[in-house]
Amino acid sequence: MVGQPVNLATLLTYFHSFPIIFVMQIHIQRIYTKGELTEGHLVIDGRQICDTLENSQACLKTGRSYPLCLVKCRQFGRKMICVGKKQACEACVKQQEVSYNTCLPRCCTLLKPGNGIHGRREGHILVGTRGARGLLIHPRMAFDTLYGRIRKSLERGHSVTLEVKEDRL
């Protein structure tokens, strides 16, 4: 083959026979835990996108890779970012009356907007900008940015994964 002219059509056919799979990897770097509070940073491609807040009793296990998908959540009435399999979120039953004292059933773990202690009850991962220890501000803006990036990646046929790392102070 060396020194021979290469047919462009043959070359393109050769390269298209190999599937190219793009994976968007999202990392949560946990930085602080005290009591039932776990704080962290959400990082995409080495760049911090937002901060996270989790319930220490219901955290995801570290060192594993979790697939992310977008599902229509019955409880929140919109598409949400679901960690894990889509079937778990579809099994969720909508609660008729929800207040801050209601502990929702935890069928799936969601990445969702929230600003503090009341949003951590169900074991979801809250996103926002850290305002103080245990407090997130601008959660809707952070969630919408993250949701848009994940949605675009999934629309392009890429897979999206979440990996949790320990980096405690």
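**Exercise 1. Find out how many disulfides the whole structure holds, and look at the cysteines.**

In general, a disulfide is a covalent bond between the sulfur atoms of two cysteines. The test used here asks for a pair of cysteine sulfur atoms within 2.5 Å.

Now try that on Cys69.

Next, check the cover. Cys69 is buried, at a relative accessible area of 13%, while Cys59 is partly exposed at 24%. The cut-offs go like this: buried is under 20% relative accessible area, exposed is over 50%, and partly exposed is in between (1.4 Å probe, protein chains only).

A quick word on the model: it is predicted, so local features need pLDDT of at least 70 and side-chain atom pairs count only at pLDDT 80 or more, whereas totals for chains, interfaces and linings use all residues. Residues are numbered from 1 along each chain as its sequence is written, and side-chain values use heavy atoms, with hydrogens and water left out.

**Exercise 2. Work out the order of the elements in the chain.**

First, count them: there are 3 helices and 9 strands. These are DSSP runs numbered from the N terminus, with helices (H or I) of at least four residues and strands (E) of at least two.

Then walk along from the N terminus, and you get α-β-β-β-β-β-α-β-β-β-α-β.

**Exercise 3. Locate Asp45 and His138, and say what phi each one has.**

Take Asp45 first. It sits in the loop between strand E2 (37-44) and strand E3 (47-55). Its phi is positive, about 55°, although Asp45 is not a glycine. With a relative accessible area of 69%, Asp45 is exposed.

On to His138, in the loop between strand E8 (135-137) and helix H3 (139-155). Phi of His138 is positive too, near 55°, and this residue is other than glycine. His138 counts as partly exposed, at 46% relative accessibility.

**Exercise 4. Which arginines lie over the faces of Tyr147 and Tyr32?**

Here's the rule: NZ of Lys or CZ of Arg must be within 6 Å of the ring centre and within 35 degrees of the ring normal.

For Tyr147, the arginine is Arg78, at 5.3 Å from the ring centre. For Tyr32, Arg133 lies over the face, at 3.7 Å from the ring centre.

**Exercise 5. What share of the chain is buried?**

Of the 169 residues in the chain, 41% are buried.
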